[in-house]
Every structure is written in structure tokens, then in C-alpha cells.
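Please look over the structure below. A short briefing on a few of its local features follows it.

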Amino acid sequence: MRKLTGVIVLVLLFGACKTNTTKNTLPIYGQRTAVTKTVNGQQVTDTDYQTIPAFKFVNQYGDSTGSKDLEGKIYVADFFFTSCPSICPIMQRNMLNVYNEFKNTPDFKIISFTIDPKHDTVPVLKNYADKLGISGNSWWLMLGARDSVYNLAAKSYLVAVSEDSTVAGGYMHQGYFVLIDKQKRVRGSYDGTDMKQVNQLIDDIKTLQAEPAPTAQ
Amino acid sequence: MKLKVISGICFLLFVLIVSCQSDESIEFKRYYSAGAIVYQGHCQNCHGTNGEGLSALIPPLTDTAYIKENLKSLACNIKYGLKGKINIAGKSFDDAMPAEADLTPIEIAQAITYITNSFGNKQGTVTVDQVNEDLIKCGN
């Protein structure tokens with residue numbers, strides 16, 4: 001019997017994958033597992049989606065900030081470093097469009113993790129934020145321990161980053177903007193160097209904002 | 001026979017028209033279009049598709065007065081990099097432009113011709129000879 005339920009769940013999940021791509025809902029990325037829960041005395045099978053794990057870093061103001069502050073918020077994550085000579089300026093130019101569109105939206109944030117914690121100290125990040133022209137708390141530049149950040153990038157946000165002395169600037173990283181929903185799930189990944197994809201991201205953020213709140217379980 | 005005369009006249013006319021386009025403008029076009037490609041590959045990520053720069057981090061290339069005044073130092077700044085405080089378009093910039101040491105003098109001349117005749121600038125051709133001359137000043 002158990003096995004049968006498992007098979008049915010799998011089939012349903014496959015179906016869900018397909019119907020999820022209809023126009024007005026965004027897909028949910030990452031691994032998913034079926035879980036059986038007891039709700040009101042009844043056994044129901046539910047899907048657990050991969051979520052971004054807890055983290056606690058420091059932002060450009062020197063404040064201790066992390067996943068707690070992102071609970072119930074839609075946010076866009078990316079990885080950069082302030083002395084990056086290659087794709088970062090393009091990404092920042094495009095991210096500024098996202099920032100300007102949503103900077104007055106209380107349930108929205110942009111989280112840019114530095115992958116060069118040695119050089120990008122809090123004052124360096126603050127100076128960079130000032131020059132970029134961002135203020136307030138809707139765009140945080142986050143400084144965390146190297147390994148924690150690299151782990152988050154690779155395992156949770158699915159963005160490849162690495163130290164690489166053969167590339168300009170000394171670090172290799174992909175320029176994805178990753179969209180996270182209020183339940184910490186990955187809902188989209190966009191090439192931050194491509195203005196068209198970034199415009200799609202802006203549309204998708206609006207779609208997410210319009211998504212009904214999940215029913216409490 | 002008649003056909004030969006007519007085609008001969010046509011050929012002469014053709015040569016005349018082509019040579020009417022002055023050498024200078026052909027040279028300019030070659031530098032400019034090659035320069036657009038150098039710009040896309042080496043400069044556009046930082047300075048932007050329209051030379052708009054990036055906030056107070058990377059200066060725009062639209063300050064025509066600055067470009068005109070600094071025409072002779074552009075080659076050195078591109079080849080060996082630039083840092084320190086500069087004032088452009090009414091804002092001050094104090095970050096570093098990395099050296100583009102791999103660019104050859106001809107590519108530098110093409111890039112300079114491109115930027116100094118785009119984004120509102122109009123300085124004409126900067127030739128490879130001028131670039132070689134300018135580069136002597138910064139210890140080529």
C-alpha cells in the first residue's frame with residue numbers, strides 16, 4: 001500500500017511539473033520530496049520543496065542580517081565582488097533597474113553576496129553602495145565567511161562561483177539573478193547580463209507578488 | 001563594339017564615383033567600424049552600450065569637453081590603465097580602470113576613433129601613427 005501511494009505521488013508530481021509552466025504561475029525549482037503528514041487526524045501526502053537554508057551574515061551597514069530578515073519576503077540574490085572587472089558592471093546596471101522598480105516595496109529585497117570577503121570589508125561595501133547610488137534597506141550587499149557563501153551559491157542558489165587566478169579579477173562566477181519566493185523556494189533564474197531576461201525577472205516578481213498566500217498548515 | 005564603348009564609359013564613371021569618396025572617409029569608416037567591435041569586446045561591459053557608464057563607479061564617455069581635452073592621453077590610459085580622481089560630466093570618479101595591455105596600437109586607435117566619434121563626440125580619425133606617438137609618452 002505504502003509503495004502504491006509512493007508511485008501515485010510520483011505520477012502526480014510529474015503532472016504537476018507540466019501544469020506548473022502555465023502562463024501565470026512560476027515553476028518551483030530544486031529537489032522535492034513527498035512527505036506524509038497528519039492533518040486533522042487524516043493522513044495527507046504533501047510535497048516539500050527545496051528551500052534556502054538559514055544563514056547569518058553582515059550587510060553594508062555592518063548590521064547582522066540574514067535569512068531571518070528575509071522571511072515572508074520575495075527577494076533576488078546574486079553573487080559579485082566590488083573589484084570585478086568583467087560582468088559585474090553589466091549586472092549592476094541591470095540590477096539597478098530592478099531596484100528602481102521595487103525599492104519602495106516593503107516585502108521585496110535584493111541580496112548581493114560578495115565572493116571576495118578578504119577585500120570586500122564592510123566599509124568597502126558601504127562605499128561601493130554609495131557610489132552605486134543605493135540607499136535604505138531594499139538592497140543589501142552581504143559579507144559572510146567564504147565557505148558559507150560559496151556553499152550557499154552552489155547548493156542552494158545553484159550559481160557556480162570559484163576562486164580562479166586565471167580569470168580577470170581572480171574570481172569566476174556566473175551572473176545569474178535568482179528569484180526566491182516568500183517560502184524560500186527558488187522560482188526563477190535569469191542571466192543578469194541580459195537586459196531582456198532581467199525585464200522578464202521584473203515581470204515575474206510582479207507575478208509572485210500577486211500569488212495568493214499559502215494556506216497555513 | 002558599341003557595347004564595349006558603353007561598358008568602358010560605365011567603368012570610368014564607376015571609378016570616378018568611388019574615388020570621389022575621399023581616402024580620409026574610407027579610412028575613418030574602417031577605423032570606426034573595427035573600433036565598435038573592440039569597444040564591444042573590451043569596454044562596453046564597463047562603459048555601457050551608449051557610453052553611459054555606471055553611477056559614480058564608472059564614468060560616462062559622453063563628456064565631449066573632457067574627451068577633447070584628453071585626446072592625447074587616451075591611448076596611454078587605455079593601454080596602461082587609469083586611476084586617481086577625475087572629474088567627468090560634473091561628477092568625480094575615483095576608481096581604477098584596468099590596463100588593457102593586450103590591445104595592439106591599431107586596436108587602440110580603432111577604439112579611440114570609435115569612442116571619440118560616438119556618444120555625442122566628434123573628433124575624427126585617430127590613426128595608429130598618432131597612437132604610437134602618444135604611447136611613447138607613457139614609456140612604451
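The notes cover a charged patch, a helix and a strand residue.

This is a predicted model, in which local features need pLDDT of at least 70, side-chain atom pairs count only at pLDDT 80 or more, and totals for chains, interfaces and linings use all residues. Residues are numbered from 1 along each chain as its sequence is written.

**Negative patch, chain B**
- D23(B), E24(B), E27(B), D129(B) and E133(B) form a surface patch of negative charge.
- Patch members have over 30% relative accessible area and no salt bridge, and like charges are joined within 9 Å; a salt bridge is a side-chain nitrogen of Lys or Arg within 4 Å of a carboxyl oxygen of Asp or Glu.
- Helices α2 (23-42) and α7 (128-136) of chain B each give two or more residues to the negative patch.
- α2(B) gives the most, with 3 residues.
- D129(B) sits in α7 of chain B and counts as exposed (over 50% relative accessible area, 1.4 Å probe, protein chains only), at 56% relative accessibility.

**Helix α4, chain A**
- Within α4 (residues 146-156), V149(A), Y150(A), L152(A), A153(A) and S156(A) are buried, that is, under 20% relative accessible area.
- These buried residues pack against β3 (56-58), β5 (74-80), β6 (108-114), β8 (161-163), β9 (171-173) and β11 (186-191) of chain A.
- L158(A) follows α4(A) and has a positive phi, near 60°.

**M142(A)**
- M142(A) belongs to strand β7 (residues 139-142) of chain A.
- M142(A) is buried, at 0% relative accessibility.
- Beyond neighbours within four places in sequence, its contacts (heavy atoms within 4.5 Å) include F55(A), V58(A), I111(A), F113(A) and L125(A).
- V58(A) is 84 residues from M142(A) in sequence, but 5.6 Å away in space, C-alpha to C-alpha.

Conventions:
Chains lettered and ligands numbered in written order. Heavy atoms only, no water. Patch = residues over 30% accessible without salt bridge, like charges linked within 9 Å, V, L, I, M, F, W, Y side chains within 5 Å. Areas by Shrake-Rupley, 256 points an atom, 1.4 Å probe, with all protein chains shown as cover. Lys, Arg positive; Asp, Glu negative; His and termini not counted. Charge placed at Lys NZ, Arg CZ, Asp CG, Glu CD. Helix = DSSP H or I, 4+ residues; strand = E, 2+ residues; numbered from the N terminus.
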